[in-house]
Amino acid sequence: FNVHSNTLSNAQGERMGTLIIFHDITRMHRLETMHKDFAANVSHELKTPLTSIKGFIETLQDLDESEALTRREGFLTIIEKNVNRMIALVDDLMALSKLERQEGDKTVFEPHDLSAVIKSARAACRTRSESGRVTVKADLSGPLFIPMDTLLVEQALVNLLDNALKYSEPGGEVLIQVAQEKGSALIRVIDSGPGIGQEHLSRIFERFYRVDSARSTDMGGTGLGLAIVKHIVQYHNGTIRVESTPDKGAMFEISLPLA
Ligand code: ADP
């Protein structure tokens with residue numbers, strides 16, 4: 001709390017009492033801490049690949065010519081992997097900040113059929129993941145028209161499918177379930193991978209929150225995928241929730257209002 005006090009006097013200058021104002025700055029303080037944490041996280045996420053790139057370049061420069069020739073290929077592959085990691089991070093950061101700017105806009109979206117978006121999200125994942133299968137099960141009597149930015153909703157689904165595939169064992173099965181409930185479309189992405197412990201579930205949509213940092217980074221994750229999904233869903237006035245039992249898999253459910 002910030003506390004201000006003022007003495008209250010009447011017209012004759014006699015003291016009548018004291019006015020004390022308590023200003024609750026919890027929210028302000030929390031936002032400030034969040035901004036500082038975010039900047040520290042971004043710096044760390046960029047510094048790690050940069051340090052690695054610098055190290056490999058310097059080693060390559062110090063090697064004599066014949067050894068440099070034999071090592072070059074392997075070193076360049078590592079350097080490229082680190083550059084790609086930074087590109088993915090910057091792309092995700094840009095997507096997040098764009099979404100944050102748009103969120104207050106009250107955009108009116110054109111209605112589009114959900115099944116076309118699911119189809120392209122599946123196709124996008126298939127080109128990235130050689131192993132694993134995505135099955136779609138739709139329990140519907142007709143098309144579901146949702147007011148949406150199709151590219152953004154596709155991005156949200158791709159992020160969920162990518163996670164479901166990358167955290168499962170190779171060849172893991174992923175199910176997309178689509179249903180209609182009252183005025184909303186429900187889209188569930190279900191996997192039978194390692195799941196997420198109860199203690200992590202409430203923080204899983206935070207930027208850079210990872211259950212297993214080494215594993216996520218190894219898999220090319222930026223730690224921003226679910227934060228982006230949550231912002232896309234909010235931008236469409238929808239909700240997202242997650243259920244999981246460790247060792248039995250995870251289920252992410254997006255609910256979007258129908259046209
Ligand atoms: P990342 O780039 O690390 O995958 P995300 O924001 O997409 O970042 O996910 C945050 C964390 O949530 C991941 O690091 C992982 O620990 C956990 N996670 C997300 N999806 C799943 C899933 N389907 N199964 C198990 N863990 C998951």
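Which helices each supply at least two residues of the shell around the ligand? In this predicted model, the answer is helix H4, spanning 150-167, and helix H7, spanning 225-235. Of the two, let's take H4 to begin with: the largest share of the shell, 4 residues, comes from H4.

Now zoom out to the whole shell. There are 20 residues around the ligand, and the ones that come nearest are Asn 163, Tyr 167, Ser 216, Gly 223 and Leu 226. Sort the shell by class and you get 9 nonpolar, 7 polar and 4 charged residues. As for where all this happens, the ligand sits in the largest pocket.

Next, look at the oxygen atoms of the ligand. Ser 216, already on the list of residues that come nearest, puts a polar side-chain atom 2.4 Å from a ligand oxygen. Lys 166 also has a polar side-chain atom by a ligand oxygen, with 3.1 Å between them. Val 211 uses its backbone instead: one of its backbone N or O atoms lies 3.1 Å from an oxygen atom of the ligand. How much of the ligand's accessible area does the protein cover? On its own the ligand has 520 Å² of accessible area, and the protein covers 96% of that.

Finally, leave the ligand and turn to charge pairs within the protein. Side chains of opposite charge can pair when their charged atoms come close. The structure holds 9 salt bridges, and one of them joins Glu 58 to Lys 54, with the closest N and O atoms 3.1 Å apart. Both residues lie in helix H1, which covers residues 26-62. Glu 58 and Lys 54 are 4 residues apart there, about one turn of the helix.

Key: Residues are numbered from 1 along each chain as its sequence is written. This is a predicted model: local features need pLDDT of at least 70, side-chain atom pairs count only at pLDDT 80 or more; totals for chains, interfaces and linings use all residues. Side-chain values use heavy atoms; hydrogens and water are left out. A residue is near a molecule or strand if one of its heavy atoms lies within 4 Å of it. A polar contact is a pair of N or O atoms within 3.5 Å; within protein, one must be able to donate a hydrogen and the other to accept it, and residues adjacent in sequence count only if both atoms are side-chain atoms. Accessible areas come from the Shrake-Rupley method with a 1.4 Å probe; for residues, only the protein chains shown count as cover. On a 1 Å grid over the protein atoms alone, a cavity is a set of points where a 1.4 Å probe fits but cannot get out, and a pocket is an open set with protein on both sides within 12 Å along at least five of seven lines; lining residues have an atom within 4 Å of a point. A molecule sits in a cavity or pocket if more than half of its atoms lie within 2 Å of its grid points. Ala, Val, Leu, Ile, Met, Phe, Trp, Tyr, Cys and Pro count as nonpolar, Asp, Glu, Lys and Arg as charged, and the others, Gly among them, as polar. A salt bridge is a side-chain nitrogen of Lys or Arg within 4 Å of a carboxyl oxygen of Asp or Glu.
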